[in-house]
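Have the structure open while reading.

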Amino acid sequence: MASRLSLLVLAASATLMMITSTAAQLQYGYYNTTCPGVEDLVREELLAMFAADMTLPAGLLRLHFHDCFGAGCDAALLLKSHNGTAQRDADPNSTVRGYEAIDAVKAKVEAACPLVVSCADILAMAARDAVNFTQGPAYQVETGRRDGNVSRKEDAERFLPPADGNVTVLTQYFAAQNLSAKDMIVLSAAHTIGAAHCPSFSKRLYNNSGAGDQDPAMDPAYAKNLTAACPAGNVASVQPLDPVSPNRFDLGYYKSVANRTALLGSDAALLDDSLSFAYVQLMTNDSYLDTFFADFAVSMINMGRISVRTGADGEIRDTCAVYVD
């Protein structure tokens, strides 16, 4: 872990310079003249998919996050490798899903506006629409990204935050992307929808400190239910990240954290830091829902600026999931 964090520190200054120079070129309504109505087209296609699969919104939100953190918001995560060396082949991306949905949307967009709209921008729009479909905020998305044509497995392994990281570790991973501690606390609440496979949290149940123990920070009744649902060695089963309201984008995540029923160690860790603890406690009050929605929109926009490619950098490809080798 120490070596990974040192690499993050070295990468942070370079990332900051890239963000400063390229994010300014993103804008709202970038496609207003070159592909009018594209955001409505993307939304219409996705709404039909969401209606057929209620788990897809969480998948697409996670897809955008993993793409941005992997090596910038350039759709490199969508690229494939015959040799298993692309970002999607990395262990942290082994359960990422939604690729086919993005491919289908891209095909519709290409039929309307060939070689105009990037896969990276479609990912950003899809994440926004996923949040809104699950009763979360509707916010504007900056567009103008171009797609990368390099996808390295090691980038995902180096830059994606660990599921068991504490607040110090998580803050460093976010800082390496020029995101603040508040961005980390707010974007963690993307876990208000979706589920995680048992290996993501089984250490908390069976070997928390390496001595065959259970995480004492976990509510005992909740832990008992999880051990029944995820026996040791189970790799296929999934559990909701937010047991309060798993399919609704709301304050249930923060209520779960406050009640010690957070699924992942990284979520439970928010109670161990004074700043994150204060925000969690504040967001257990339903009267702050609009505040959370506003904060989340701002942090998503911030995340969407990570190492973007604009202008002559990158490409617009007609298919998102092409092979790089």
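## Cavity

The structure holds 1 cavity of 30 Å³ or more. Here a cavity is a set of points on a 1 Å grid over the protein atoms alone where a 1.4 Å probe fits but cannot get out. The largest cavity has about 80 Å³ of space, volume being the space filled by probe spheres set on the points, which are joined across faces, edges and corners.

Its lining residues (an atom within 4 Å of a point) include His-64, Tyr-139, Glu-142, Arg-145 and Gly-304. By class, the lining has 5 nonpolar, 2 polar and 2 charged residues. Tyr counts as nonpolar, Glu and Arg as charged, and Gly as polar.

## Model basis

This is a predicted model: local features need pLDDT of at least 70, side-chain atom pairs need 80 or more, and totals for chains, interfaces and linings use all residues. Numbering runs from 1 along each chain as its sequence is written, and side-chain values use heavy atoms, without hydrogens and water.

## Disulfides

The whole structure has 4 disulfides, each a pair of cysteine sulfur atoms within 2.5 Å. With the bonded cysteines numbered in sequence order, the pairing is 1-4, 2-3, 5-8, 6-7.

Cys-35 bonds to Cys-113, S to S 2.1 Å. The S-S torsion of Cys-35 and Cys-113 is about 85°, so this disulfide is right-handed. Cys-35 is buried at 2% relative accessible area, and Cys-113 at 9%; buried means under 20% (1.4 Å probe, protein chains only).

Cys-119 and Cys-320 have sulfur atoms 2.2 Å apart. Their torsion is about -100°, so the disulfide is left-handed.

Notes
On a 1 Å grid over the protein atoms alone, a cavity is a set of points where a 1.4 Å probe fits but cannot get out, and a pocket is an open set with protein on both sides within 12 Å along at least five of seven lines; lining residues have an atom within 4 Å of a point. Buried means under 20% relative accessible area, exposed over 50%, partly exposed in between (1.4 Å probe, protein chains only).
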